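Here is a friendly walk through one protein model, going from overall totals to single residues. Have a look at the sequence and the fold, and then read on.

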Amino acid sequence: MKIRTLIVDDEVLSRRGIEIRLRGAPEFEIVAQCANGREALAAIQQYKPDLVFLDIQMPELDGFQMLDRLGSRPPPFVIFVTAHAEHAVRAFDTDATDYLLKPYDRERLERSLDRARAALAATDATNGGELGTQVRQLVDQLRERTVYLDRVAVTMGRRTYFVSTRAIDWVQADRNYLRLHVGTKCHLIRSTISGIESRLDPTQFARVHRSFIVRIDHVKELRALVSGEYRVVLVDGTELPMSPQYRDRLPRG
C-alpha cells in the first residue's frame, strides 16, 4: 500500500531533508514538492495525496491559510514541519497528525510516520478497504506504539519554552485556555481540555471532571460526598471536584 505524500516548504533544504529521510520508508511515495501554499493547493487537487508534510510560515499563503482553502473535500492527513514552537497548539486544533519541530532527528520523524501509518490504516479499515483484517491488525500494532506528549510548548511574549509532562500535577480548563499546574507555578496555554486529554498518556493522566485532568500518581485520596459527587485530593493538599461519570478513570484499589 503506497502512501501518496506531498512535501510543502519554502526552503529547498527542508524539502530535500524530508525527501532523503523518506527513502528509508519506501511505502511513502512522494508525488510532488511545493514551495508555497498556492502551489500546494494545485498539487493536492491534481495528485490527491494521502499525507502532506506542511510548513507553516510561508510567503503569500501560510500553512493554516492553505488548509482553510481546501474546501469541502476530505483533506489529507497533515504533519506540520516548522521551526516555530508557538504554532503547536493551533496545529493540533486543526486535528494535525503530528507536529515536527525543526531541527528533528530520524527517530522523531519515524514517530511521525508511525502516526501517519496508523491514521491511514484506521481510515482504510473504517471504510472497509481491501486490506481488511490485515489493516486492522496493523492498526492494533501501531496503536501499541502510540507516542504521547512528553513536553508542552508555553509561549510568553516573544519567548517559547517547554514544560515536561512529567512535571504537570494537574490541568484546568479556563474558557479557551488551559492552566498547567506545575508545583507552585501555573502556565497558561491556548488549547481545549479534550484536545490535550487525547495527547496525554492515559496511564499517567486521568480526566476527573469536564474542567480537570490530574496526574494519577499525584492523587492521594478520593472522597465520596453525600451528594454522589467526589473530591480528588492531591498529594500537595489541592482538592478538585470529580464527576461520577469519570470515576472509572482512576484505578481502584
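Buried means under 20% relative accessible area, exposed means over 50%, and partly exposed lies in between (1.4 Å probe, protein chains only). On that scale, buried residues make up 43% of the 253 residues in the protein. Before going further, please note that this is a predicted model, in which local features need pLDDT of at least 70 and side-chain atom pairs count only at pLDDT 80 or more, while totals for chains, interfaces and linings use all residues. Residues are numbered from 1 along each chain as its sequence is written, and side-chain values use heavy atoms, with hydrogens and water left out.

**Overall picture**

The protein has seven helices and 15 strands. Here helices (H or I, at least four residues) and strands (E, at least two) are DSSP runs, numbered from the N terminus. A contact means heavy atoms within 4.5 Å. Of the contacts in the protein with a separation of 6 or more, 48% are accounted for by residues 24 or more positions apart.

**Helix 2 and the cores**

Helix 2 spans residues 37–47, and Gly37, Ala40, Ala43 and Ile44 are buried in it. Why do they lie on the same side of helix 2? They cover an arc of only 115 degrees around the axis, which puts them on the same side; the arc is that of the directions from the helix axis to the C-beta atoms. An α-helix has 3.6 residues a turn, so residues three or four places apart point the same way. Gln45 and Gln46, on the other side of helix 2, are exposed.

What do the buried residues of helix 2 pack against? Their partners are strand 1 (3–8), strand 2 (28–34), strand 3 (51–54) and helix 3 (63–68). At the start of helix 2, a side-chain oxygen of Asn36 comes to within 3.1 Å of the backbone nitrogen of Arg38. Just after helix 2, Lys48 has a positive phi of about 50 degrees.

A nonpolar core is a set of buried Ala, Val, Leu, Ile, Met, Phe, Trp, Tyr and Cys residues joined through side-chain atoms within 4.5 Å. The largest one has 19 residues, of which Leu6, Val8, Leu54 and Phe80 touch the most other members. At least two residues of this core come from each of strand 1, strand 2, helix 2, strand 3, helix 3 and strand 4 (77–82). Helix 2 gives the most, with three residues. Apart from this core lies another, of 16 residues, with Leu22, Ala25, Phe28 and Leu51 among them. In soluble globular proteins, nonpolar side chains tend to be buried together.

Helix 5 covers residues 106–126 and includes Ser112. Ser112 counts as buried because its relative accessibility is 0%. Leaving out residues up to four places away in sequence, Ser112 touches Ile79, Asp98 and Leu100.

Arg117 is found in helix 5 too, and Arg117 is buried, with a relative accessible area of 15%. Its C-alpha atom is separated by 8.4 Å from that of Ile3, although Arg117 and Ile3 are 114 residues apart along the chain. The side chain of Arg117 makes polar contacts, listed below. A polar contact is a pair of N or O atoms within 3.5 Å; within protein, one must be able to donate a hydrogen and the other to accept it, and residues adjacent in sequence count only if both atoms are side-chain atoms.

| Side chain | Partner side chain | Distance |
|---|---|---|
| Arg117 | Glu27 | 2.5 Å |
| Arg117 | Asp114 | 2.9 Å |

Strand 13 (residues 219–224) and strand 14 (residues 230–234) pair in the antiparallel sense over five bridges. Glu221 has Val233 of strand 14 as its bridge partner, and Arg223 stands opposite Arg231 in strand 14. The two strands form a hairpin with five residues between them, and Gly228 in the turn has a positive phi of about 95 degrees.

Strand 14 also pairs with strand 15 (residues 239–242), in the antiparallel sense over four bridges. Val232 stands opposite Leu240 in strand 15. Strand 14 and strand 15 form a hairpin with four residues between them, where Gly237 in the turn has a positive phi of about 95 degrees.

Technical notes: Pairing = 2+ DSSP bridges.
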